[in-house]
Amino acid sequence: ETLNDVADAFNVLNENITIVRVKNRFLIEFDSKETDGYRDMLINVLFSDDKGSKLSAICEVQLQLKAYLQIKKKQHKYYKIVRAVDYKSLLRNYEARKFD
């Protein structure tokens, strides 16, 4: 809900898992014009198997404010329209997601 909540969540991650990379788009230095005003924190974390195998994966954790999440959902629909190659691909995408 708040930036303090985001900071708390980051601190919990930092204490419990290996952080590989952080892209903090909440920072004042970040030019939010690149994302149409949207801000979040993207954290790449390393998950490793603790049972002795050498399996591991890097995953992304996204921390965002609830208000921004609502904006993101709306922006994503617009993004799909803009990125559609033609009207047929837009319709195929609509048909595939109609039951979501």
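Predicted model: local features only at pLDDT ≥ 70, side-chain atom pairs only at ≥ 80, totals over all residues.
View 1. Asp40 forms a salt bridge with Arg25, and their closest N and O atoms sit 2.7 Å apart. Both residues belong to the loop between strands E1 and E2, 15 residues apart. Arg25 is buried too, because its relative accessibility of 14% falls under the 20% cut-off.

**View 2. Glu1 reaches across to Lys66.** Here's another salt bridge: Glu1 pairs with Lys66, with 2.9 Å between the closest N and O atoms. Glu1 comes before helix H1 (3–16) and Lys66 is in helix H2 (residues 66–83), so the pair ties together parts that lie 65 residues apart in sequence. Glu1 is exposed, at 63% relative accessibility, while Lys66 is partly exposed, at 49%. A search of the whole structure turns up two salt bridges.

View 3. Over the whole protein, pLDDT averages 82, and 76% of the residues score at least 70.

**View 4. Stepping back to the whole chain.** Starting at the N terminus, the elements go α-β-β-β-α-α, which comes to three helices and three strands. Of the protein's 100 residues, 20% count as buried. The accessible surface is about 8100 Å², and carbon and sulfur atoms account for 55% of that surface.

Definitions and conventions
Residues numbered from 1 in each chain as written. Heavy atoms only, no water. Helix = DSSP H or I, 4+ residues; strand = E, 2+ residues; numbered from the N terminus. Buried < 20%, exposed > 50% of the residue type's maximum accessible area, 1.4 Å probe, protein only. Areas by Shrake-Rupley, 256 points an atom, 1.4 Å probe, with all protein chains shown as cover. pLDDT = per-residue confidence, 0-100. Salt bridge = Lys/Arg side-chain N within 4 Å of Asp/Glu carboxyl O.
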